[in-house]
Amino acid sequence: MASIIFRRFIRRPPPSSAGDAASASLSSFKQRGAHHSAVVNSQEEGKNMNSGKWFALPPYDSSVNTSKMAKELLGNRIEGDSTSTSSMTALKWILRCCPQLPRSLLQKLFRLRQVRRESVNTSNSNHSVKAQQHQLKRVAAKDPIDLGDRIFLPVTVQELPSEQRICHCNNEEINFTHSLVLYKDPAIVVVNKPHGMPVQGGIGIKRSLDEIAATCLKYDYSEPPRLVHRLDRDSSGILVMGRTQESTTLLHSLFREKTSNASQNEIEDKRRILQRRYLALVIGSPRCLSGLISAPLGKVVVDNGKSERITIMDSSSMVSTQRAITEYRVIQSSSHGYTWLELSPLTGRKHQLRVHCAEVLGTPIVGDYKYGWQTHKKWKQVSCLNPKGNSNENQKTPKGKIFPFNLDLESGSISEMQPRLHLHCKQMVLPNVSMALEHVKTSSKYDISELQSLHLVATLPPHMQRSWNILNS
């Protein structure tokens with residue numbers, strides 16, 4: 001679709017002069033990070049331009065170097081200013097202002113020289129007053145931009161249909177979504193994701209958390225919260241979203257730096273800064289009460305190309321692998337043959353915890369039919385018995401209760417023939433991103449690594465809480 005729309009762009013001639021582009025001025029840009037609103041305002045200004053074929057993005061203002069700031073938050077001290085603007089390129093600025101535009105489309109626009117930059121330089125006039133001199137020039141994707149520079153795109157970009165679907169929620173669904181919120185500040189919003197709710201849309205998915213959040217969790221912001229990490233559809237627990245483009249970029253950098261810098265020698269230091277703790281109920285018991293799993297993961301195609309799965313790869317494999325490190329410890333073992341584990345991933349790989357439990361420890365997670373299907377063939381439900389050996393009515397599974405978004409949150413404990421996945425992100429230690437951004441903008445000398453961290457806790461979902469009660473009855 002992007003290529004079809006793009007054919008209309010290349011018919012547009014470049015502006016005849018710098019004056020044509022400079023005749024428009026952007027509406028007041030009141031809130032930093034509210035780029036969606038600014039772009040909408042710039043559409044009105046584009047109509048006033050002589051050519052009427054271009055629209056301007058907001059002027060580039062002082063920006064936080066999120067990659068460098070993430071390193072500092074994780075304890076890697078780097079010389080320089082975290083508010084440095086040297087890393088901002090034309091492509092990065094467009095993506096920050098217009099995250100809805102496909103990257104492939106923007107790269108094609110750059111290749112065909114359909115993007116312009118208005119550079120602003122200051123000089124002394126005859127009246128000894130600084131005056132701005134505007135120049136409109138072609139710009140490449142990787143060209144750095146300076147403070148005050150504005151990027152111009154073909155006005156036809158505004159006609160690109162939005163890829164984000166509108167999710168209509170009733171009052172009950174809105175209230176339910178609000179009840180999931182664990183924490184909120186100007187930079188982030190944190191929810192306790194229920195199991196069964198997909199995080200992102202896809203084939204066969206009618207409603208996903210990112211779409212629901214865009215409708216129910218914007219609050220007074222002009223832009224919707226954005227995902228910065230993932231949870232599997234059938235897992236539950238703490239999920240962090242950025243409320244602005246700037247905080248989202250910083251959070252992305254934090255999780256990326258955490259994964260790329262994880263090593264056995266840095267465990268104690270890294271875990272204090274950014275830490276996730278999962279609770280999992282596994283079938284069987286590990287040989288050691290605690291330990292560190294360092295096993296690379298790779299993707300393989302199965303079922304004649306119909307599906308794929310993640311598996312442990314050795315160093316001699318020709319398949320591309322990713323380093324994956326998980327720390328675990330036994331919390332409690334049961335006479336029924338189950339074990340509660342605390343899992344702390346030091347890297348963030350797809351299905352990392354599920355594969356490490358099933359293939360390294362030999363203890364698949366209860367309800368994981370993808371990586372523990374052989375073990376589940378012999379599954380026997382656990383009877384709800386109290387200490388006296390009588391049936392415990394309080395532990396019986398409620399029947400027929402359906403929650404908003406058609407979620408079944410009650411069933412799925414070990415007392416049933418088909419238990420749900422027992423994997424829950426229960427705790428997270430996260431740098432206070434909101435305070436960090438505030439301090440960096442006000443003082444470049446502030447040591448952001450000294451900021452206090454946020455300690456987030458999410459209660460267990462009903463099916464896991466019921467399994468816990470059953471094994472402790």
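Tutor: A helix here is a DSSP run of H or I with at least four residues, numbered from the N terminus. Ser247 lies in one of these, helix H9. Keep in mind that this is a predicted model.

Student: What makes Ser247 count as buried or exposed?

Tutor: Buried means under 20% relative accessible area. Ser247 has 0% relative accessibility, so Ser247 counts as buried.

Student: Which residues is Ser247 in contact with, leaving aside its neighbours within four places in sequence?

Tutor: With those neighbours left aside, Ser247 is in contact with Ala187, Gly242, Val433 and Leu437. Val433 and Leu437 are in H13, where they also figure in the meeting of H9 with H13.

Student: Why is H9 called roughly perpendicular to H13?

Tutor: Two packed helices get described by the angle between their axes and the distance between the axes. For H9 (residues 245-261) and H13 (residues 433-442), the axes come within 11 Å and cross at roughly 110°. Angles of 65 to 115 degrees count as roughly perpendicular, so H9 is roughly perpendicular to H13. The crossing of H9 past H13 is right-handed.

Student: Which residues meet there?

Tutor: From H9 come Glu246, Ser247, Leu250, Leu251 and Leu254, and from H13 come Val433, Leu437 and Lys441. By type, the contact of H9 with H13 has five nonpolar residues, one polar and two charged.

Student: How do you know whether Leu409 is buried or exposed?

Tutor: Leu409 comes in at 9% relative accessible area, so Leu409 is buried. Leu409 is found in the loop between helix H12 (373-376) and strand S16 (423-431). Leaving aside neighbours within four places in sequence, Leu409 is in contact with Phe176, Pro194, His195, Phe403, Pro462 and His463. As for Pro461, it is 52 residues from Leu409 along the chain, with 7.4 Å between their C-alpha atoms.

Student: What makes a set of residues a nonpolar core, and how many residues has the largest one?

Tutor: The members must be buried, of the listed nonpolar types, and joined through side-chain atoms within 4.5 Å. The largest such core has 63 residues, and those with the most contacts inside it are Ile188, Ile238, Val240, Leu251, Leu343 and Leu423. A second, separate core has 22 residues, including Tyr60 and Phe110.

Student: And the chain overall?

Tutor: Of its 473 residues, 50% count as buried, and the chain has 14 helices and 17 strands.

Note on methods: Residues numbered from 1 in each chain as written. Predicted model: local features only at pLDDT ≥ 70, side-chain atom pairs only at ≥ 80, totals over all residues. Heavy atoms only, no water. Buried < 20%, exposed > 50% of the residue type's maximum accessible area, 1.4 Å probe, protein only. Axes fitted to C-alpha atoms, helices over the stretch in contact; angles between N-to-C directions. Helix = DSSP H or I, 4+ residues; strand = E, 2+ residues; numbered from the N terminus. Parallel < 35°, antiparallel > 145°, perpendicular 65-115°, else oblique. Left-handed = near helix turned anticlockwise from the far one by under 90°. Contact = heavy atoms within 4.5 Å. Nonpolar A, V, L, I, M, F, W, Y, C, P; charged D, E, K, R; others polar.
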